[in-house]
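Dear colleague,

Please find below the structure that I am handing over to you, followed by an account of what was found in it.

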Amino acid sequence: MIFSPFFAKSKTKTWLGQKVPFLTQNSILRCRSQMIAKEDFDFISRFDGANASTRAGLIQQDPLQLPKTFMNLLSQISKDLTIQYLLTLLDDLLQEDKSRVELFKNYAAKKNESVWTQLLTLLNRPVGFIMNMTSRVIAKMACWSRELMTGSDLIFYLNKSGKITNSRN
């Protein structure tokens, strides 16, 4: 079972081979201090740990809340283990249903932003797992979307992906 940084049940858990401290209280404090919007906290609280049909129901109720919450959390949280968990959860939810890629595209279009901008910045993080998982999520979004990645975003992604691959060799 993967450790959820939002809802720990014991003082420590092992996740990705590392001891992870109890984070539930920190997550509640982030919400109370408005580092995480209540709307995002409530959504991720229900989404995290839910089974596939419950997650599908939550997405169906408010389709744009999914990308909004993930993009907000990925931009507002700096703790590496939490970012790793969010990227893993994002990868899993895209794998469950490829059409969810379009939810992220629609959300970005509604905000007049590129869906790639925030994800591409995560490729600059110094943690290999974050770089690799971000690259995987971007690849899924690029391959499963009706709209292709183009221009400077594509060039940046390919350059970063090449560096990630070369650093492993």
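In helix α6, Val-101, Glu-102, Phe-104 and Lys-105 are in contact (heavy atoms within 4.5 Å) with Lys-140, Met-141 and Trp-144 of helix α8. These residues divide into 4 nonpolar, no polar and 3 charged, where Asp, Glu, Lys and Arg count as charged, Ala, Val, Leu, Ile, Met, Phe, Trp, Tyr, Cys and Pro as nonpolar, and the others, Gly among them, as polar. Helix α6 spans residues 100-110 and α8 residues 128-144; their axes lie 9 Å apart at an angle of about 90 degrees. The two helices are therefore roughly perpendicular (an angle of 65 to 115 degrees).

The model is predicted; local features require a pLDDT of at least 70, side-chain atom pairs count only at pLDDT 80 or more, and totals for chains, interfaces and linings use all residues. Residues are numbered from 1 along each chain as its sequence is written, and side-chain values use heavy atoms, leaving out hydrogens and water.

Glu-96 belongs to helix α5 (residues 80-96). Because its relative accessibility is 35%, Glu-96 counts as partly exposed (between buried, under 20%, and exposed, over 50%, with a 1.4 Å probe and protein chains only). Leaving aside residues up to four places away in sequence, Glu-96 touches Ala-52 and Arg-55.

As to confidence, the chain has an average pLDDT (the predictor's confidence in each residue, from 0 to 100) of 80, and 76% of the residues score at least 70. Over residues 7-25 the pLDDT is below 50. Where pLDDT is low, the predicted coordinates should not be read in detail.

With kind regards

Conventions
Axes fitted to C-alpha atoms, helices over the stretch in contact; angles between N-to-C directions. Helix = DSSP H or I, 4+ residues; strand = E, 2+ residues; numbered from the N terminus. Parallel < 35°, antiparallel > 145°, perpendicular 65-115°, else oblique.
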